[in-house]
Amino acid sequence: MTGPTVLFAWRRTPPPLLIGGAESQQLLAQEFVRVGWRVVYLGSHEAPWNGSAQIGHLRAHLRAHGIVWEEARGEVRYQWTGVSCRAVPKDRVEATLKGLLAEARPELVVTSQERAADLAALARRSSRVAGWLHSVSANSMGVLHGRPHVALATSEFVAGRAQAHADTKAIVFYPPFAPAEGAEPLLPAGRSAAGRVPGGVLMVNPIPAKGAALLHQLIRRLPALRFTLVEGWWDTAREFTAYPNVHWVPRTYAMGPIYAANDLLLVPSQVEDAFPRVIVEAGLHGVPTIGSSRGGIPEAVRDGGIILHPDDVDAWVQAIETAERAGLGAKALAGAAPLLRPCLPELAAAGLIPAAAAAG
């Protein structure tokens, strides 16, 4: 491939393993591939938060998808949807980045999350650098200390919290999204799509920070409704599977049929989420959201749902029982559809890539 090069570099796993911002970055990487860029994705097969080995998960996922990889001296190399991926031990990320900067001479480097400031500072000597702010946590905002040329704030909420150096331009850059898969067309009120359970309620990542305590109360108080819970950051099945009205789904990347089978999404976070992807993904399937008033959740929901305080259990029960799902679902779809857009023109407008290279 002879096009320009973009390099994604961080200390988490490269595609196809998804955690904390990875899906957004993977979709952007794939957009670069589609318009003719050479795309390199550097990560580690050791978790940066505790050093735990991820290489077994990586090998298993590649094997399950028929992807051939090369492995030598602790490094794994493979191609994933046109992206050249490299996974190295965590103590070799910076050295590998130095080599890639000299070898590939990328026009743009995108970095984020753990100790990304070091990667940004290293890359900005030779390339334009984007620091992606996936949340308002210190871990995510830390990349700003490396003075990236542009900070990509994943929502207005995140942009408002960013304290960027004068050398860094902060812009709102909503996450990339893929078209809905397995979706049924919206139907008039009173009719349900094939496979969609009327009154089916969905929640993804039922852990304490995301509102698990409230979820327990809702499940108990609404025994006639079916709750579908999808494993997220870790497995909390033991806390929920004893309920007769709970359907538990292990962690999956195939969310399309799950969205399509439910008609209401719950996002009862206790923490200040930046801009939950699940809200927009559900909206693309015509599924509205009842979300908490924390962080960027109201910004993601907009007119396609209901916003409530996460501690008002009675209000959540009433909203679930009375929400006009068809009308809110139509608004959720209308609000989500504009986010199915080419993202590279936004990077060009921010001065990160040439305008001519945003369309191939």
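**Exercise 1. Find the strands that helix H7 lies across, and work out how they are arranged in their sheet.**

Solution. Start with helix H7, residues 212-221: in this predicted model, H7 lies across S10, S11, S12 and strand S13 (264-267). Against S11, helix H7 runs at about 155 degrees.

From one strand to the next, the twist averages 20 degrees.

Zoom in on one pair. Strand S10 (residues 201-204) and strand S11 (residues 227-230) are joined in the parallel sense by four bridges.

Helix H10, residues 277-284, lies across S10, S13 and strand S14 (289-292), and its direction is at about 175 degrees to S13.

**Exercise 2. Trace the pairing of strand S2 with S1 and with S5, then decide how covered S2 is.**

Solution. Take S1 first: S1 and S2 run parallel and are joined by five bridges. Val6 faces Val39 in S2 across this pairing, standing opposite it.

Then take strand S5, residues 83-88. S2 and S5 also pair in the parallel sense, over five bridges, and Leu42 stands opposite Arg86 in S5.

As for cover, six of the seven residues in S2 are buried, which leaves the strand mostly covered.

**Exercise 3. Classify the ring pairs that Tyr41 makes with Phe8 and with Trp10.**

Solution. A search of the whole structure turns up seven aromatic pairs. For Phe8 and Tyr41, the ring centres are 5.3 Å apart and the planes sit at 10 degrees; planes under 30 degrees apart count as stacked, so this pair is stacked. Phe8 is in strand S1 (residues 5-9) and Tyr41 in strand S2 (residues 38-44), so the pair ties together parts 33 residues apart in sequence.

Trp10 and Tyr41 are 6.4 Å centre to centre with 70 degrees between the planes, an edge-to-face pair. Trp10 lies in the loop between S1 and H1, so this pair with Tyr41 of strand S2 links parts 31 residues apart in sequence.

Check the burial too. Phe8 is buried, at 0% relative accessible area; Tyr41 counts as buried at 0%, and Trp10 counts as buried at 0% as well.

Zooming out, ring pairs link Phe8, Trp10, Phe32, Trp37 and Tyr41 into a cluster.

**Exercise 4. Identify the residues with the most contacts inside the largest nonpolar core, and list what Phe32 touches.**

Solution. The largest nonpolar core has 38 residues, and Phe32, Leu347 and Ile353 have the most contacts inside it. Helix H1, residues 22-34, gives the most to this core: five residues.

Leaving out residues up to four places away in sequence, Phe32 touches Val6, Phe8, Trp37, Val39, Leu108, Leu344, Leu347 and Ile353. Apart from this core lies another, of 26 residues, including Leu7, Leu119, Ala151 and Ala274.

**Exercise 5. Find the arginines that lie over the faces of Phe177 and Phe173.**

Solution. Over the face of Phe177 you'll find Arg277, at 4.3 Å from the ring centre. Over the face of Phe173 lies Arg341, at 5.8 Å from the ring centre.

Definitions and conventions. Residues are numbered from 1 along each chain as its sequence is written. This is a predicted model: local features need pLDDT of at least 70, side-chain atom pairs count only at pLDDT 80 or more; totals for chains, interfaces and linings use all residues. Side-chain values use heavy atoms; hydrogens and water are left out. A nonpolar core is a set of buried Ala, Val, Leu, Ile, Met, Phe, Trp, Tyr and Cys residues joined through side-chain atoms within 4.5 Å. Buried means under 20% relative accessible area, exposed over 50%, partly exposed in between (1.4 Å probe, protein chains only). Helices (H or I, at least four residues) and strands (E, at least two) are DSSP runs, numbered from the N terminus. Contact means heavy atoms within 4.5 Å. Rings of Phe, Tyr and Trp (its six-membered ring) pair if their centres lie within 6.5 Å; planes under 30 degrees apart count as stacked, over 60 as edge-to-face and the rest as tilted. A charge sits over a ring if NZ of Lys or CZ of Arg is within 6 Å of the ring centre and within 35 degrees of the ring normal. Two strands pair if DSSP finds at least two bridges between them. Axes are lines fitted to C-alpha atoms, for helices over the stretch in contact, and angles run from 0 to 180 degrees between N-to-C directions.
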